[in-house]
Each structure stands twice: as C-alpha cells, then as structure tokens.
Amino acid sequence: MCRHLGYLGPPRAVGEVITAGSHSLRDQSWAPRDMRRGGTINADGFGAAWWQGDPGSPDGVQAYRNPVPMWADPAVDGVLGQVRSGAVLAAVRSATVGMPLERAACAPFTGDGWALSHNGRIVGWPVSIAGLAEWLPAVELLRMPALTDSALLWTLVRRRLDAGAPAAALASVTADVLEAAPESRLNLLLGNGTTLWATTVYHSLSVKVDETSAMISSEPIDDDPGWQPVPDGRLVEARPGHLNITELGDHL
Ligand code: GLN
C-alpha cells in the first residue's frame, strides 16, 4: 500500500524533502520495508503538496502529481528541487486492484488550504460503503477528484473539516468507514501548512518531532534514533515542538 510523508520545519526544497535520507520516500517507492499484505512496490504515481505564503489561506497549498513511478520523473530533482517550503505532504502510490491509474488518483488531494493522503484501502469498495456515500450531495460526488476509495475519503474528510476540528473529522470518518467496511486500512495524513494530523488503522507509521521540525512518515526515512513508531488505532497531531498521540476513539 502507498507510503506517505509529512514535513514541517525550516524551508527546504520540496524535492529534497522527498528524496533525502537513506530510506527516503523515493526509495520507498521501489523498496518499501513494511507494506503489510498491501502490495510490493509503489510505482503507480506520486504527488507532493507544499504550502507557500499564508498557510491559512485557501489557495496557500500547491501540488505536483504524476501517475508514473517517482524514480522515473526528472521533475523531482529538477522542478521540485527549485521549490522551497517549510510545509510538505507527499505520497507514493500502489493502486488498489480495479482503481484507475491517473494523475487525479494520486494523493495528496488538495483544496481549501488542506492536503490529504490515504495509505490503505476500503474493503469491498464501492459496494460496502454505498450507504455512507449516499448522503453526500451529488455535487460533492461530482467534485471527487477520482473514482477511488482514497478520493472518497478525501471528500468525506473535507466535508467534515467544514464542521469541526481536524482530529474529530479524521476520527469520525475512519469510524464510519470501519463500521461499514470492517478491516479497511485507513492510514490518513492531513496537513494545513502549520500542523499535521495522521491516523493509524492497520498500517505502519512513525513520527519524529523536535523543537524545529516535525515529520510523520509511513516508514522512517533514515536511521535517526528520534523516530518513534505509532501503535495502531491512534491519532497523531504534530508540529515543531509539539507531538500528541491519542486514541482515535477519544475524538468521537
Ligand atoms: N486505495 C488507494 C488507491 O488505490 C490507496 C492505495 C494504497 O494505499 N496503496 O489509490
């Protein structure tokens, strides 16, 4: 299953954030270590989102996506090597069987200043969660970036972000999907340019936070002893100087 990464800290080249480390996100596209029954490589595309200017502004987030393996795109070192940001959220994709291979299906999904990535799959998609999608207004379904489980999760989360806190939005969406489609794998990573939130539902995740930077990653990108694995069923909230790991259920 896909791998994702979030970074907050001193401005760096976006291309560097996703290629730095002895086990960088780019390395994880062809040699992931902890896929847990979810595929072997992440060669079905990638994406990187970054924030510039006022992180709170709705158009403060930009993204680059390409439905090719990250290692095959020279823009990662070229163009993304020229873009600097102190807030990055990126993902490499291993498409779930039956889901389209296209740019729009590559996370992160962005809008209104938010970026979201999903690592996992909704079991029984789309039939299992038909009831959950049914109450979405047609216009929301039309705005779905792609016909994938991850894009629907983004649509559900985005709608609930309007209503309340990010942690509550992630916790309620994962709970509702798990009720409709048990055993779904729902590691979500959400950012707004100043804070990162992540869930662990049956997939790996590690965090590393100090006074100047914060990183959340499906797999540690290097051997730094500061990485800490996140147990299953948790909600992580991280930014430089701040790390809070709580039970997902506490936010319902
Ligand atoms: N199910 C999602 C997709 O197909 C995410 C896949 C994954 O985590 N490998 O895009």
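Helices here are DSSP runs of H or I with at least four residues, strands are DSSP runs of E with at least two, and both are numbered from the N terminus.

1. **Basis.** This is a predicted model, in which local features need pLDDT of at least 70 and side-chain atom pairs count only at pLDDT 80 or more, while totals for chains, interfaces and linings use all residues. Residues are numbered from 1 along each chain as its sequence is written, and side-chain values use heavy atoms, with hydrogens and water left out.

2. **The two cis prolines.** Pro126 sits in the loop between β6 and α3 (130-134). Its peptide bond with Trp125 is cis, with omega about -5°. Pro108 lies in the loop between β4 and β5 (109-111). The bond from Ala107 to Pro108 is also cis, with omega near 0°. Check both loops in the view above.

3. **The sheet.** An open sheet is built from 7 strands. Their order is β3-β2-β4-β1-β10-β9-β11, and the pairing is antiparallel. Two strands count as a pair if DSSP finds at least two bridges between them. The edges are β3 (61-66) and β11 (228-229). Each has a single partner strand, so one side of each has no neighbour in the sheet.

4. **The β1-β10 pair.** Strand β1 covers residues 3-13, and strand β10 covers residues 214-217. They run antiparallel and are joined by 4 bridges.

5. **Asn119.** This residue belongs to strand β6 (residues 114-121). Is Asn119 buried or exposed? Its relative accessibility is 0%, so Asn119 counts as buried. The classes used here are buried under 20% relative accessible area, exposed over 50%, and partly exposed in between, with a 1.4 Å probe and protein chains only. The Asn119 side chain makes a polar contact with the side chain of Arg3, at 3.3 Å. A polar contact is a pair of N or O atoms within 3.5 Å; within protein, one must be able to donate a hydrogen and the other to accept it, and residues adjacent in sequence count only if both atoms are side-chain atoms.

6. **Cysteines.** How many disulfides does the structure hold? The number is 0. The cut-off is a pair of cysteine sulfur atoms within 2.5 Å. For the sulfur of Cys106, the closest cysteine sulfur is in Cys2, 8.8 Å away, which is too far for a bond. Cys106 is buried at 0% relative accessibility. Cys2 is buried as well, at 10%.

7. **A nonpolar patch.** Trp30, Ile41 and Trp71 make a nonpolar surface patch of about 330 Å². Patch residues have over 30% relative accessible area and no salt bridge; like charges are joined within 9 Å, and nonpolar side chains (Val, Leu, Ile, Met, Phe, Trp, Tyr) within 5 Å. A salt bridge is a side-chain nitrogen of Lys or Arg within 4 Å of a carboxyl oxygen of Asp or Glu. Areas come from the Shrake-Rupley method with a 1.4 Å probe, and for residues only the protein chains shown count as cover. Trp71 lies in the loop between β3 and β4 (84-92). Trp71 is partly exposed, at 41%.

8. **Positive phi.** Asp112 is not a glycine, yet its phi is positive, about 55°. Asp112 is in the loop between β5 and β6 and is partly exposed at 42% relative accessibility. Tyr202, not a glycine either, has a positive phi of about 70°. The loop that holds Tyr202 runs between β8 (196-199) and β9 (206-209). Tyr202 is partly exposed, at 38%.
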